[in-house]
Amino acid sequence: MKRITAVLTAVVIGISILFFSFGTLFRGGLTKNPAEAVPLHEKLLQGYQTLSLALGKDCIGNFYITDERMIPKRTAYSAGNVQKNIDVVNSYAESFSVPFYWLVAPTAVGIYSDTLSSSAPQASEQVLLNTAAEGVGSNVTWIDIYGTMYGARDSYIYYRSDNRWTTYGAFCAYKTAVRKLGFEPFGFDHYVIEHRNSEFRGLYSQLTQYEGVDADVLDIYNCQDGAPIQSITSPLTGLTFPSLYQESETEEPYQIFLPETEPILNLETGVHNDKSLLVLSDSYGSCFVPFLTQHYRNLTFVNITTASQDDLKKIYPSVYPQVLLLCSADTLAAKDGFSLIDFEK
C-alpha cells in the first residue's frame, strides 16, 4: 500500500507540473537552464525521484536511499591510498616524541550498510578500520570507537543527509576517546542542548537534490556546570572569538561550528590543570572539540582540510604532552587524505 501511494503521489505531481510547464517549454524554455525553464523544476525532480524509488529503484545517483537515510555507494577502497595514509601518519607521529593518538571514526556507511539489500553490496568499512589499526606504528595509540558507534546506532548519531556524525554521535565517541586520553568523561546530564537548525539538508541532499528523508537537526551542547572557555584565538589572523559556535551567514549551516571556518584555533579554558592537547582533525572534529574543553587547560585545533603546511609549521607538536589525530574513515581512504602532514611528498 505504501508503494502504491508513493507511485500515485509521484504521478499526480509529475502530471501537474508538466501541465503548468507545457507553455513555458514551447516558448523557448528548452534552450534555458532547466531550473529556470520549467516552473517548479525542483518539485518535478522530486516527483521523478519518488516515482523511481516507488517502482523499485534503490538509489539516486551514487547514493542508496533507505527509509531513514541516504548512504553513499562504497564498492571498494583503494588499498594503495589506505597504506599511503597509514605510512604518512606513522611518519608524522615518529617526528616527535610525545604520545600520539589516532581516532578514525566510522561513518554511516560502516554502521548502517547492513540495512541495504543484498543487491547493494558495500565494501566493509570495518575491514578498512582494522587495516589501519593493524598498521599503526609503535608511536601511535589507536583509539577504537567502532563498537561504541555501532552500539549507539539506534540513536541519532549520524545525519540522514550528510557525511558527518551528529553532535550526539560526537558525544558518544568522546566518552570512549577521552578515557584513552586519561580522563573520565562528563555525563550527558551535564549538557544543555540547543537546537540551532532543524531543517538542515546536508551534502548528500545538495548533490542529489533529494529531500525524501527527514531534514536533519544541528545541535550544540553547552556544559552547564563545567569550566568556561577563557579565550579563542586564531594565530593566523590574530582574531578572537567569543564562542566555538557562531551564527552561520553562509549557505552552509554546518559552519555554526567555528572549527569549520578557522584553519587553526588556540583555546584557553578555565580548567584547573596544566594539561594541553594538539588536535588535528577533519570535519569530524568540529563538533567534537568542544567536549575536550572540559579536560584541558589549553587546546590547539588544526583543521587538516583547510590548513596549509605553512600554517602547520607554526605549530610545534613537541610542546604538547599529547597529540590527537581525529578523522573519518572517508579521510583514511581518500587519495592524499593526510597531505597536510605529508612532509615527504
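Visitor: How many aromatic pairs does the count come to?

Guide: Rings of Phe, Tyr and Trp (its six-membered ring) pair if their centres lie within 6.5 Å; planes under 30 degrees apart are stacked, over 60 edge-to-face, and the rest tilted. By this rule the count is 30 aromatic pairs. The model is predicted: local features need pLDDT of at least 70, side-chain atom pairs count only at pLDDT 80 or more, and totals for chains, interfaces and linings use all residues. Residues are numbered from 1 along each chain as its sequence is written, and side-chain values use heavy atoms, with hydrogens and water left out.

Visitor: What is the arrangement of Tyr191 and Phe291?

Guide: Their ring centres are 5.4 Å apart and their planes stand at 75°, so the pair is edge-to-face. Tyr191 is buried, as is Phe291, where buried means under 20% relative accessible area, exposed over 50%, and partly exposed in between (1.4 Å probe, protein chains only).

Visitor: Which residues do ring pairs link into a cluster?

Guide: The cluster consists of Tyr168, Phe171, Tyr174, Phe188, Tyr191, Tyr221 and Phe291, linked by ring pairs.

Visitor: Where does the charged end of Lys73 sit?

Guide: A charge sits over a ring if NZ of Lys or CZ of Arg is within 6 Å of the ring centre and within 35 degrees of the ring normal. The charged end of Lys73 is over the ring of Tyr64, 5.5 Å from its centre. Arg69, in turn, lies over the face of Tyr112, 3.9 Å from the ring centre.
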